[in-house]
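This report describes the contact between two chains and then turns to selected residues. The sequence and structure are shown first.

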Amino acid sequence: MIKLIVFICGAIVMSFEILGSRVLAPNFGSSVFAWGSLISTFLAGLSAGYYFGGKAADRSPSTRKLSLIVLCPAILFLTFPFYSNPVADWVFDLNLGIRLGPLLASILLFFLPSLFLGAVSPYTAKLAICSLHTSGKTIGTLYALSTLGSIVGTLATSFYLITVAGVKVLIMAQGGALLVLGGILFYANIRCEIPEWLKRPDEKHS
Amino acid sequence: MGFNLSPSPSLTHSSKPSLVTVMPLLTQTIFHPSTTISHRHPGIACTPTRLSNPRHLCLLLSLLASLWLGAMVPSQSEATETVVHRENSLYQYLLVLEDKEKNERYLVNREKTTLYQGGVKLDTPDQLLFEYSRISFLGLAYLKQLPKDALFIGMGIGAMPRFMAKHFPENTIEIVEIDPAVVNIAKEYFSFKELGQMTVKVEDGRQFIKRSKKGYDIVFLDAYQGETIPFHLTTREFLQEVKARLNPGGVVVSNILSPKKNKFFTSMVKTYNAEFVNLSIYKGKESSNYVFVASGQAVTPEVVWNRAKDIQDGRRLGIDLAAINQDQLVSSLPEENAEILTDDFAPVNLYQHMEEGQP
């Protein structure tokens, strides 16, 4: 379950980033400035998410709290079509220039969702780790799955999804996926289990 | 990552075929409507190798490649073009090439390509070298009277605005080009000058259109990134924004590079038709370019012919616009298997690479 969450959130982050370029283009073009703004905003959101997600994870972590972290971007995604154009148009009208314009629009539209999706990573790591003996492997696996998900999200979106459906439908579909995931998490109770191979040596010696 | 407003691609003839040791496999010309586009093909550079018979190998590879691409014409051309200038700008790779034999200069985006973003014959710099740019001026015949305000989106080497300034000096001409390097190249290597009532603005075309408060009688859309129109300049919303800047009776002229009548072409037709009452399309004979002329009122070809005659004679254009109107008007505009392109859904990159009739 934890692995699936990490994979899906990784996929959605990058899919959203690719779609974000389409959201920006009508007002800000698809120049190197627009892409630079977009990528740095996502990285900023993720790093803030890692930091605050990690901090939150140390205060009595639970799957229910994790579900809230997933449900927040779900709501942002599902309502995205209603606020994306007004926000982009508003920034466009501020006339901030070719660099600041797309940067501000990116921050307003993409920072919060990527923050929440970023927070998923340390939070799930905390839930999945129960022994310091295996923490390296657990974290490594989660990193790998998250990035693998990102690759799938990037390729699926840019190669395929963008050619079969509209940007807004795709973003809402991702919101739907997060909603389902958050719903399941809300009622699930994930606890880590100490792997068998860690138990046995103690049992033998005793 | 697609960027914007670069100049105006045209696929045109290039150097005469001849044999040399180093011969890049590149098709030089798109002669026939059904000919497959070739500039996208990676090209097999046949350099002499240690193999016993490199030329045979080369021929074989050429043959294989041409089979693969169907109607591609494998030409063995001598590169008579020399590089005059090369530069990596914020938006693209830019090369200025010169063909000494033909005394022509071109602006291109790649080392080995037949996709020209602009070109000029050096001894007649005021004439339009590329067919699509000549056809584009037929757009004037869709206006009730001669234009006063013209807008060009996508500058290239500035050949079209220059032509307009020469033959219609009473016009105000605005040019929007996203890449400042293109503007500099036009000035430095193609003797472009901002004369009298001409202004060049460095900006994304769509952003310019959205911010502009002015009205235009004729808008030329010719913004390309390589062989592709940036998607945000193909959509219905963009056309609506352009329409909002047209004076009553105004006309939009659009250069649409499409070697096939595939889903990209049909979708462009459908999108323009969705926004404009009248859409006339002219097909290039020398290249894979189509010229779309779109306006808010229907005009018969006869009326266009008469006006074209008046304009070409009155302004001594040196272009037989009336003949183009008669010979190159596309009679049926296919709209089956097409999507209206919108800001939300515009997979132009995919559509461009489709075959004809492929859904």
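A salt bridge is taken here as a side-chain nitrogen of Lys or Arg within 4 Å of a carboxyl oxygen of Asp or Glu. The structure is a predicted model.

## Salt bridge and polar contacts

Across the interface of chain B and chain A, one salt bridge is found. Its partners are B:Lys210 and A:Asp89, whose closest N and O atoms are 3.7 Å apart.

Eight residue pairs are in polar contact across the interface of chain B and chain A, with both residues at pLDDT 80 or more. On the side of chain B that touches chain A, two elements of chain B give two or more residues, namely α5 (205-211) and α10 (348-352). The largest share of that side comes from α5(B), with four residues. By class, the side of chain B that touches chain A comprises nine nonpolar, six charged and five polar residues.

## Extent of the interface

In terms of residues, 20 from chain B are in contact with 21 from chain A. The area buried between the two chains is about 1900 Å², and carbon and sulfur atoms give 58% of it.

## B:Val202 in strand β10

Strand β10 of chain B spans residues 198-202 and contains B:Val202. The relative accessibility of B:Val202 is 44%, so the residue counts as partly exposed; the class applies because this value falls between the limits of 20% and 50%.

Apart from residues up to four places away in sequence, B:Val202 touches B:Glu177, B:Ile178, B:Pro180 and B:Val183. A further pair is formed by B:Val202 and B:Gly154, which are 48 residues apart in sequence, with a C-alpha to C-alpha distance of 9.9 Å.

## B:Ser258 in a loop of chain B

B:Ser258 belongs to the loop between β12 (246-257) and α7 (263-275) of chain B. With a relative accessible area of 3%, B:Ser258 is buried, because the class covers values under 20%. When neighbours within four places in sequence are left aside, the contacts of B:Ser258 are B:Phe264, B:Phe265, B:Ser288 and B:Tyr290.

## Positive phi in two loop residues

In chain A, the loop between α2 (32-57) and α3 (63-78) holds A:Ser60. Phi of A:Ser60 is near 35 degrees, a positive value in a residue other than glycine. A:Ser60 has a relative accessible area of 52% and is exposed, because the threshold for that class is over 50%.

In chain B, B:Asn337 is placed in the loop between α9 (321-327) and α10. Phi of B:Asn337 is near 55 degrees, again a positive value in a residue other than glycine. The relative accessibility of B:Asn337 is 28%, so B:Asn337 counts as partly exposed.

## Cysteines

How many disulfides does the structure hold over all chains? The number is zero. A disulfide is a covalent bond between the sulfur atoms of two cysteines.

A:Cys9 counts as buried, because its relative accessibility is 3%. A:Cys72 has a relative accessible area of 32% and is therefore partly exposed.

Note on methods. Residues are numbered from 1 along each chain as its sequence is written. Chains are lettered from A and ligands numbered from 1 in the order in which they are written. This is a predicted model: local features need pLDDT of at least 70, side-chain atom pairs count only at pLDDT 80 or more; totals for chains, interfaces and linings use all residues. Side-chain values use heavy atoms; hydrogens and water are left out. Contact means heavy atoms within 4.5 Å. Buried area is the accessible area (1.4 Å probe) that two parts lose on being put together, summed over both. A polar contact is a pair of N or O atoms within 3.5 Å; within protein, one must be able to donate a hydrogen and the other to accept it, and residues adjacent in sequence count only if both atoms are side-chain atoms. Ala, Val, Leu, Ile, Met, Phe, Trp, Tyr, Cys and Pro count as nonpolar, Asp, Glu, Lys and Arg as charged, and the others, Gly among them, as polar. Buried means under 20% relative accessible area, exposed over 50%, partly exposed in between (1.4 Å probe, protein chains only). A disulfide is a pair of cysteine sulfur atoms within 2.5 Å.
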